[in-house]
Structure formats: structure tokens, C-alpha cells
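Q: I am new to this structure and would like a close look at a single part. Could you walk me through the surroundings of the ligand, and then what lies beyond them?

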Amino acid sequence: MSDRTASMLDSIRGKARSWLEAQWDPHQPLGEWWSNLAQSGWGFPDFPERWFGLGLPSESRRIVREELQRVGAFGPPHGIATMMVAPLLVEMGTDEQRQQWLPGIVDGSEIWCQLFSEPDAGSDLAGARTTALRDGDVWRVNGQKVWTSGGHYAKWAILVARTDQSAPKHSGLSFFGIDMRQDGIQPKSLVQMNGSAEFNEVFIDDATTLHTNLIGEEGKGWPVALRTLSYERESLDADAEPGIQTDLDLTIAAGRYASGEIPDGSEGFMPGGLEAWELLCSVIAANDKQNDPRIRDRAVKVYTGIKTSSWMSQRFAQAPEVGAEVSLGKLAATQLMRDWRDLALTALGPHGQLLEGENTFDGLPAQIALSVPGLSIAGGTDEIQRNIVGERVLGLPREPRPNGD
Ligand SMILES: Cc1cc2nc3c(=O)[nH]c(=O)nc-3n(C[C@H](O)[C@H](O)[C@H](O)COP(=O)(O)OP(=O)(O)OC[C@H]3O[C@@H](n4cnc5c(N)ncnc54)[C@H](O)[C@@H]3O)c2cc1C
């Protein structure tokens, strides 16, 4: 890193620190804190100044996150809306769409979900069969989606739908924002093996969305969907912020969430890199395994994985745009979490299977162990990421496509 870049990053850190020290108040309601972060630009510093940012380089996010942790403050809202929809709108939305949606995203008051996967279209997203047909100023949508995280509490969704049945598979798709709270959209919860019911099947029966909610051009939804998936994969790397798995009460003091005291009804957080490391160290120490050479050896592997993933995400953050390399970050993160799970369960022994009781760490390791397989599937499976790395990073021959399209 050049002296000039280092000094610029130091200056960003200094400004973020002063602002946070002056503004963070743990008694402030979460909604007010998020609004304050958004209005100041420190919530999303790499967004343009006109759209709730400060126009800073993308590394500023990591710096602000470190400063937030330093003062013990809760970070900006984190979910599909901020990970995927907001950067997409900044990059590809119209000004009207940005004005309509960004304020509710950056202050956390409107939650979004992702209506992509269908019963017969997961990895093969371009095979989506849900249709949208133009009817004057609106589009009428019919079909079924599945695995829709947060579909039961989301206000809005991003939707991939087929708008031209006669066009080749990838060219007949369009990309929309759609209001989830209408009669034509019925989410039905699915219970996962970790006990939560975060997923939904979503039945769509003559739902409508305005033509002005079309993101990108009609029939050109495929590149928009790919862009969205890149943002999703980037946010699933090991250095990512802990994900908030549910709707939060914006009237409760931000400090209660920041301190990890999660009010009843909220379902919890997946630890980010460093939190995961600290939890693992506590598990090993509590079981008096810190001097076991095999455990130490595997712990070094996990620690190296955390550091490598963190280094990779910093490198990718410096890239001019989100590229296929994010698949490497996602693969590294899923492997890391598998190593974490295997080591935590080895150290815990039979207690690792329990959700409550002595030496179970409130069931967190067991919960994580049950959630880790999902990481290899969400946002595109490991096999799909390897195909992407093979074809777009290494330049290997393309995988055969079954439909010849
Ligand atoms: C935690 C979690 C959250 C999710 N949230 C959402 C959400 O909010 N919205 C949403 O729309 N979806 C969501 N999904 C769904 C997810 O995107 C799909 O499950 C995923 O894309 C895989 O699709 P599929 O389940 O249909 O499996 P399939 O595509 O049927 O794949 C089955 C198996 O075949 C392999 N395979 C398929 N094609 C290839 C290929 N070309 N080369 C090599 N191997 C291949 C896959 O790797 C996999 O092992 C979520 C999934 C998880 C686990």
C-alpha cells in the first residue's frame, strides 16, 4: 500500500472515530441510531454522497466497522436489502427507484427478500418459470418461489420473472422490485434442521408490480440477477458482518443489540470471523484442550483460514468492480466454517450436540453446526462457485450446458 493510500485510510479512520465517539449513545432507539448513521453517510461510506454515502473507497466500510466495534456500537442494518439491493440500485437503478427505496433500506425500516429460486430452478436460475405479463402500467405476476429467506416479514422483494416465453432462456427474464404485502403473495414458512423457520415457499397468484419497478430493461434481467448474486457472494465471505436473521424492533435501545442481549422474538446472529474465533478459543479452553497438540494444530488451520479470508476480502474490496473472484471468497468462507464446526464439536465432545445445559455455550456451537451445510448452498452452491472460478478466473473450457443455450 502506498504512503498516500495509507494516509488517506488513516484520515478516514480518524474522522469515523471522532464522529462515532460523539454520536454513539447505547440508550438511543435502534431506529434512530440507524437513521443517524444513514444521514451522516457513515453507515454506507462507499455509497455516493447523494445516496446516503460519503463517496469513499470501499475499504472505508471495513475501517468504519472496526471503529464501530471499538466504541461498542451497533453497525448499520445488514441483510438482503443492504447487502444486495442497495448496491444494485446505486449501480443500476433509476433515480426514481433510488428515491423510492433507498431511504427505507439504509435506515432499516423496510426489509427485503429475494424471490429467485423456484422448485425447478435453483442453480439453474435462468430456468425460472414464474411469469410477469405487462398490463398497462403494471406487470401481473404468477408462479411459485421457494427458499425465500425472510419472506414472511419482508416488505419488498427483488424478483426474477419470465416476461417473454418465446425468447431463449436467458433473454426472456426481467428483474423487478415487488411489494410483498399484497393479497396475491402468500409466504408459507418451512422449518429448517436448525429449528428456525427462516425460509418460505412463496405462492404468487396474480400479484402486481408497477412498470416503474422494473430494474434494468425488459428482457435484460439476467445480467441484473448475476450482478445481484455477485453482491450476495461478496457479502457471504468470512470477513462479512454478522447477519441479522430477523426483523428487529427499532424502538428498543441500540445498546441492547450491540451488547449481544437480543430481545425475545429475535432469532440471533451468525458470528463473523473474529467472533467465531473468540467463541472457538473459549470452547477449547473450557474443555481444557488448549494443550492438546492435535487441537492446537487444527486451531491454527482455522485461524489461518480467518486471516486468509479477511485478506482476500480486503483485496477484493480494492478491485474496481465485483467480479467472479468473489466465488473464491465464498468457497474459502464455507470451508472455514466447516473446519470451525469440526473443531468445536471435537473439543466439546458429546456436549456439542446439546442446545442447552452446562458447557454447551447456550447451544451456539450446535446451532452453527446445523447451519453450516446451508452456507455451501445459499447464494449458489460450492459446485457452482467452482464452475465460475474454473471458467471465469482460470479460463478453463465451459461446462457442458444441458439445453445447449
Ligand atoms: C441458507 C439458505 C438461504 C437461501 N435463501 C434464499 C433466498 O432468500 N432466496 C432465494 O431465491 N433462494 C434462496 N436459497 C436457495 C439457494 O439459492 C438454492 O438452494 C441454490 O441456488 C441451489 O439450488 P437448489 O436447491 O435448487 O439445488 P440444485 O440446483 O437442484 O442443485 C442440486 C445439486 O446439484 C449440483 N449442481 C447443480 N447444477 C450443477 C452444475 N451445473 N455443475 C455442478 N453441480 C451442479 C448442486 O451443486 C447441488 O449439489 C437459500 C438457500 C439456503 C441454503
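A: The shell around the ligand divides into six nonpolar, ten polar and two charged residues. Here Ala, Val, Leu, Ile, Met, Phe, Trp, Tyr, Cys and Pro count as nonpolar, Asp, Glu, Lys and Arg as charged, and the others, Gly among them, as polar. This is a predicted model, in which local features need pLDDT of at least 70 and side-chain atom pairs count only at pLDDT 80 or more, while totals for chains, interfaces and linings use all residues. Residues are numbered from 1 along each chain as its sequence is written.

Of the 18 residues around the ligand, the nearest are Phe116, Gly122, Ser123, Ala378 and Thr381; a residue is near if its C-beta atom, placed from the backbone, lies within 6 Å of the molecule. Strand β1 (112-115) and helix α12 (382-393) each supply at least two residues of this shell, and α12 gives the most, with three. Helices (H or I, at least four residues) and strands (E, at least two) are DSSP runs, numbered from the N terminus. Because domain 2 (112-225) and domain 3 (270-393) both give residues to the shell, the ligand's shell lies between them. The domain bounds come from an automatic or database domain assignment.

Now for a look at one residue elsewhere, Leu159. Not counting residues up to four places away in sequence, Leu159 touches Leu115, Val141, Phe176 and Ile178; contact means C-beta atoms, placed from the backbone, within 7 Å.

Methods
Two residues are in contact if their C-beta atoms, placed from the backbone, lie within 7 Å.
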